[in-house]
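This report concerns the arrangement of secondary-structure elements in one protein model. The sequence and coordinates are shown first.

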Amino acid sequence: MEDLFTAAVGVTFDELEIVAIAIYSCMLGGAPSFFSEDFFGGIGLPKGRALAALNVISCSLPKLREAIVADFNELGGGFAWSISAFERFPVIWAEDAIVITDPKLLISRVFGWLPFFDVYSTLAKKQKGQFRDYAGRISEKYATEVISSIAPQALGKRFYTEDDLRAAYGSNLKVADAALDYGDCWIVIDISTRQLMRGSVAATSAEDVKKDLDALAVKKAHQIQSTINCLRDNESALTGHDGIPNRRFIPVVIASEGFPVSPFTTSMIEDALRNEGVLQDQDIDPLQIMDTTELELIEALEEKGISTFAKVLRGKPQAGLARMPVRDYISIELGLFPERSSRLNGLWKKPFERMRLKAFPDEEPLL
């Protein structure tokens with residue numbers, strides 16, 4: 001991955017990380033969003049290498065205008081929800097300063113999905129498919145890691161993987177990626193690594209949204225339904241003990257690249273599932289689509305004893321924001337803003353420490 005990235009953009013990923021973290025750390029410390037070129041001569045890299053890395057995530061004002069116009073034209077004028085130009089270029093070269101438009105966009109540009117597309121755009125067709133599959137496997141592995149961290153630890157094993165489900169119900173059966181046992185309910189989860197179509201992301205094409213829904217929600221719903229049927233009919237094959245009567249089943253799809261959950265898309269999902277006759281039983285709650293950021297939010301709630309995954313999902317269908325994203329329900333309706341989980345906080349600190357030691361190798365480790 002790092003070699004491909006260097007071949008694609010001409011700088012190493014370490015160099016890009018050092019530049020981004022240096023800017024971000026200064027802004028966290030209260031520095032304004034304006035920087036001079038001289039700043040990049042004192043961050044532990046040769047100034048030329050630092051500026052080369054900065055060029056990957058920056059552009060001039062005229063180039064930013066061109067990117068905005070191109071985005072507008074590609075989306076057929078439906079630009080209202082698209083900020084892709086600012087996501088690609090969170091740093092702007094003005095006449096007398098280097099301007100950071102948003103520190104969150106800066107961090108997302110370096111640690112989010114966009115470096116993947118820096119590489120992806122340079123590959124041949126066959127390589128693109130292989131690279132996409134690789135990224136999907138990494139995304140699925142990470143989502144499973146978060147789900148495992150969320151899983152309730154009391155009363156023995158409560159988290160079951162796809163391998164566990166296949167061992168219990170047969171290798172030829174379509175099963176979900178994970179199941180969490182909360183005693184009075186099962187949360188049955190399937191993970192989608194599908195890359196959404198541009199029209200879905202920018203909310204400009206109902207046709208694109210429908211295609212993504214069919215692949216992301218309907219297809220995954222059938223796998224979740226199959227798993228629910230197995231659990232309902234023979235729970236002991238998985239758990240080793242008889243099931244509790246009157247269990248609820250909560251179906252969840254984790255969209256690793258996100259999905260525009262809204263009253264509009266939620267209604268489309270409900271109609272599609274009703275037409276398919278899937279996830280319609282009385283003991284099944286409405287399907288929820290979440291991203292990994294929302295999973296991490298649930299992880300923090302569980303760790304700090306504020307709430308549980310099951311409690312959040314059981315409460316949302318009756319809430320005022322039932323048709324909005326899970327994060328909106330948690331933050332707006334429940335008013336909960338937990339700090340990062342200890343697992344995520346450790347991951348958050350590691351690149352800062354790693355880049356600090358690369359830039360200034362004579363300093364003592366902090367972690």
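## Basis of the report

The structure is a predicted model. Every value quoted here is computed from that predicted model.

## The five-stranded sheet

Five strands make up an open sheet of mixed pairing, ordered S5-S6-S7-S8-S9.

S5 and S6 are antiparallel and share three bridges, with Phe159 standing opposite Leu180 in S6. S6 is also antiparallel to S7, through four bridges; here Ala179 has Val188 of S7 as its bridge partner. S6 and S7 form a hairpin with three residues between them, and Gly183 in the turn has a positive phi of about 85°. Strand S7 (residues 185–192) and strand S8 (residues 248–255), by contrast, run parallel and are joined by eight bridges. In this part of the sheet, Trp186 stands opposite Phe249 in S8.

Is strand S6 covered or uncovered on its two faces? Both faces are covered: Ala178 and Leu180 lie on one side, Ala179 and Asp181 on the other, and all are buried.

## The four-stranded sheet

A further open sheet of mixed pairing consists of four strands in the order S1-S4-S3-S2. S1 and strand S2 (58–60) are the edge strands, and each pairs on one side only. S2 is parallel to strand S3 (residues 91–93), and three bridges connect the two. Ser58 has Val91 as its bridge partner in S3. Helix H3 packs on this sheet, where it touches S2, S3 and strand S4 (98–100). The direction of H3 makes about 110° with that of S3.

## Packing of H2 against H3

Helix H2 (residues 13–28) packs against helix H3 (residues 47–56) at an angle of about 85°, and their axes are 9 Å apart. The two helices are therefore roughly perpendicular to each other. H2 contributes Glu15, Leu16, Val19 and Ile23 to the contact, while H3 contributes Arg49, Ala50, Ala53, Leu54 and Val56. Of the residues in this contact, seven are nonpolar, none is polar and two are charged.

## Cysteines and Pro32

How many disulfides does the structure hold? The number is zero. Cys230 is in no disulfide, and the nearest cysteine sulfur, that of Cys185, is 18 Å away. Cys230 is buried, with a relative accessible area of 13%. Cys59 is buried as well, at a relative accessible area of 3%.

Pro32 is located in the loop between H2 and strand S1 (34–35). With a relative accessible area of 53%, Pro32 is exposed, because the cut-off for that class is over 50%. Between Pro32 and Asp214 the C-alpha to C-alpha distance is 45 Å, and the two residues are 182 residues apart in sequence.

Methods. Residues numbered from 1 in each chain as written. Predicted model: local features only at pLDDT ≥ 70, side-chain atom pairs only at ≥ 80, totals over all residues. Heavy atoms only, no water. Axes fitted to C-alpha atoms, helices over the stretch in contact; angles between N-to-C directions. Parallel < 35°, antiparallel > 145°, perpendicular 65-115°, else oblique. Contact = heavy atoms within 4.5 Å. Nonpolar A, V, L, I, M, F, W, Y, C, P; charged D, E, K, R; others polar. Disulfide = S-S within 2.5 Å. Buried < 20%, exposed > 50% of the residue type's maximum accessible area, 1.4 Å probe, protein only. Pairing = 2+ DSSP bridges.
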